[in-house]
Amino acid sequence: MTQPSAPITQDVLTLPRKLPEGPVNLIGLTRDAMRAALIAAGTPERQAKMRVGQVWQWVYHWGVRDFAQMSNLAKDYRALLAANFVLDLPQVVTRQVSADGTRKYLVRIAGGHEVEVVYIPETDRGTLCISSQVGCTLTCSFCHTGTQKLVRNLTAGEIIGQVMLARDDLGEWPVPGAPKDETRLLSNIVLMGMGEPLYNFDNVRDAMKIAMDPEGLSLSRRRITLSTSGVVPEIARTAVEIGCQLAVSFHATTDEVRDLLVPINKRWPIATLLDALRAYPGLSNSERITFEYVMLRGVNDTDADARRLVKLIKGIPAKINLIPFNEWPGAPYTRSDSARIKAFADIIYKAGYASPIRTPRGEDIMAACGQLKSATERARKSRAAIAAETGLAP
Ligand code: SAH
Ligand code: SF4
């Protein structure tokens, strides 16, 4: 064993000192964790930083998944990597393409669980909507994911893996020697798929750090948006530890209505949430908070709601994203009509806020926000329920 040459810090102590049984997936490890893993596999400590840099570039810049192709590494070292590590992504089970070009992937992760990932092409950008959990612990009454129990948190590798598999499908890894193409098909990431990202903070942070790393995928922090239902104690960490943009699922202007729509409001009501947003580190006119507001007919869509909203958020650099409700089978709400949405938007706009109305995308493949739910997970659950009722094994 080589002796550590640098003083051991708290961080190093928490990293694995020994490789667990079986090959380790390098995808999703932070640079520090990858360094520790390479050392545990026999990389001399004095070379470890350089090796991390090389492997990192192959994996996250070039999209290479085969150690044998890492041509600037000695053959022996490639063999060492192949003997100890894998480069595994979640597996794409189905891929649907909407008439409007939106792509929806059903992706299988370890344990046989499934999450959905959606790619939305627009003229000036391409946005990937990724999931952070299988299901959700929260039960927002208008959200399809909210009807599915939380199964588990995704690992950092499964989160960044969604970005990588979408790049695979889009054929977007750079080709050596080709001129640098600045227009990216996958230019933005939104954490607006399944799950509450702030309830899986560390894995989301590690994955987004990988996405932003300049030696790899190199996405700007301004092109990554994390959406939260309002987990107040974790909100400030988003700015401090990730640095990406923040969106908040606001959806109502009184606690009475928000308690019904976003039940986490009972724990952290509107006033508490707004205090956290006012105190958000790094808030400025160029880095505004996005308030998401789903338009539900007869529930939260009156002129009085629009005026209350403007009053509530006074002083917070903000834009308001109006989301026409996306219906799903059995949903207890309907979408406000377009004249109502327009009138609501006008009040907000006149008060000085940008108030874009989000165009529903991929509706024909149930890819619009809030519609994601894994069909097989549902089937599995109902089979289990049937088994429980009949006393038969599933
Ligand atoms: N859990 C996080 C992120 C995932 S949801 C959150 O709640 O913010 C992404 C956005 O879609 C949220 O603003 C959510 O409230 C909204 N949404 C959920 N279901 C919807 C539906 N059926 N129609 C329109 N928007 C919906
Ligand atoms: Fe979970 Fe977000 Fe859906 Fe609420 S809206 S149930 S927090 S995924």
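Reply: The model is a predicted one. Its largest nonpolar core has 105 residues, and those with the most contacts inside it are Phe-142, Ile-160, Met-208, Leu-277 and Phe-291. Helix H5 (residues 156–170) gives the most to this core, namely eight residues. At least three residues come from each of domain 1 (24–86) and domain 2 (91–384).

Me: What makes a set of residues a nonpolar core?

Reply: The members must be buried residues of the listed nonpolar kinds, joined through side-chain atoms within 4.5 Å. Phe-142 and Leu-277 are among the residues with the most contacts inside the core. As a general background, nonpolar side chains in soluble globular proteins tend to be buried together.

Me: Why is His-251 called buried?

Reply: The relative accessible area of His-251 is 4%, and buried means under 20%. His-251 is therefore counted as buried. This residue is found in the loop between strand E11 (245–249) and helix H8 (255–261).

Me: Why does Ser-218 count as partly exposed?

Reply: Ser-218 has a relative accessibility of 31%. Partly exposed covers the range between the 20% limit for buried and the 50% limit for exposed, so Ser-218 falls into that class. Its place is in the loop between helix H6 (201–212) and strand E10.

Me: What is noted about the phi of Ser-218 and of His-251?

Reply: Most residues other than glycine have a negative phi. Ser-218 is not a glycine, yet its phi is positive, at about 55°. His-251, also not a glycine, has a positive phi of about 70°.

Me: Which residues surround ligand 2, and how does its shell divide by class?

Reply: Ligand 2 is surrounded by Cys-136, Leu-138, Cys-140, Cys-143, Gly-146, Gly-195 and Ser-229. Cys and Leu count as nonpolar, and Gly as polar. The shell accordingly has four nonpolar, three polar and no charged residues.

Me: What is known of the largest pocket, and which residues lie closest to its centre?

Reply: About 990 Å³ of space lies in the largest pocket. Of the 34 residues that line it, the closest to the centre are Glu-122, Arg-125, Val-190, Asn-321 and Arg-358. The lining divides into 13 nonpolar, 10 polar and 11 charged residues. Strand E9 (188–191) is one of the strands that each supply at least two lining residues, and the largest share, three residues, comes from E9.

Terms used: Residues numbered from 1 in each chain as written. Chains lettered and ligands numbered in written order. Predicted model: local features only at pLDDT ≥ 70, side-chain atom pairs only at ≥ 80, totals over all residues. Heavy atoms only, no water. Near = heavy atom within 4 Å. 1 Å grid on protein atoms, 1.4 Å probe; cavity = no way out; pocket = protein on both sides within 12 Å on 5 of 7 lines; lining within 4 Å. Points joined across faces, edges and corners; volume = space filled by probe spheres on them. Helix = DSSP H or I, 4+ residues; strand = E, 2+ residues; numbered from the N terminus. Buried < 20%, exposed > 50% of the residue type's maximum accessible area, 1.4 Å probe, protein only. Domains from an automatic or database assignment.
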